[in-house]
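Reader: I am new to this structure. Could you show me how to read it, one feature at a time?

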Amino acid sequence: MKARIKFRKYGVLKFIGHLDVMRYFQKVMRRAEIPIAFTGGFSPHMIMSFASPLGIGLESDGEYLDIELTEPIASNEAVRRMNEVDVEGIEVLSFLQIAEEKRMTGMTILAAADYLVTPKKEILPDAGSAEDKLSPDWKEQFSDFIGQSEIRVMKQTKRSEKEVDLRPLIYDWEFRDDSIFIRTAAGSTENLKPDLVMDTFLKYTGAVSEKADSAETASGTAQALSAQSFTYRRLEMYADTGKDGKKNLVTLESLGGEIH
């Protein structure tokens, strides 16, 4: 039997990396006595996989971990046990049975993710005497930026750098007060991180020079605004169940069912 765990990560634990999160859940499985299956061989390890590792410094309300069980355990009981041994900063939200096929793991079917992007207070237009901050009309600028038919940028890959069009990878967006909700492509085939969107936006407005390199930034001669001038919170992750080229995004959680 396979199960999908949804959890949130917040507070100081946003600063721990993916490997630490994996080790953390290995300890939780033992302490909560979750009947998780192990691989065979001389060095057995727990069978678990994360849909998409979360970057250091990001909070999330929708992280997913798939595991394999040796025997059933009721969903509400599993959630209760895990949260009893959790520490502040990680909370298990659901524990659901999923399809047995290997091709249905969260890592394999991930197609999109929601993010909430928020400017840090010191870069908002009313941030006192701060020199490097957003223009008073930054929302209109962002609307114009996202409204382009193409948003071309050089994107770093594992082996090289290539020009890509970001616009088709942005599925939805809206302003939420002083934050930006954005839904982007995610997964192994197409993947767009929100910090690349914001970095490209700042270059579009002229707030950051295309030629400003890391050495200039370190020496203080480049503009202070950067993708790190915003905070990022992942809200949810999706699979695409559409057919014939039509997208139908559904949450990874919705593909599971309660275990009784």
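Author: Contact means heavy atoms within 4.5 Å, and helices (H or I, at least four residues) and strands (E, at least two) are DSSP runs numbered from the N terminus. This is a predicted model, where local features need pLDDT of at least 70, side-chain atom pairs count only at pLDDT 80 or more, and totals for chains, interfaces and linings use all residues. Residues are numbered from 1 along each chain as its sequence is written, and side-chain values use heavy atoms, with hydrogens and water left out.

Reader: What covers the buried residues of H5?

Author: Buried means under 20% relative accessible area, exposed over 50%, partly exposed in between (1.4 Å probe, protein chains only). The cover over the buried residues of H5 includes strands S5, S6, S8, S9 and S10 together with helix H4. Among the buried residues of H5 are Leu196, Met198 and Leu202.

Reader: Which residues have the most contacts inside the largest nonpolar core?

Author: A nonpolar core is a set of buried Ala, Val, Leu, Ile, Met, Phe, Trp, Tyr and Cys residues joined through side-chain atoms within 4.5 Å. Here the largest has 40 residues, and Met198, Leu202, Phe230 and Leu252 have the most contacts inside it. H5 gives the largest share of this core, 5 residues. Phe230 touches Met198 and Leu202, among others.

Reader: How many bridges join S8 to S9?

Author: Two strands pair if DSSP finds at least two bridges between them. S8 and S9 run antiparallel, joined by 6 bridges, and they form a hairpin with 2 residues between them. In S9, 7 of 7 residues are buried.

Key: Lists of a residue's contacts leave out its neighbours within four places in sequence.
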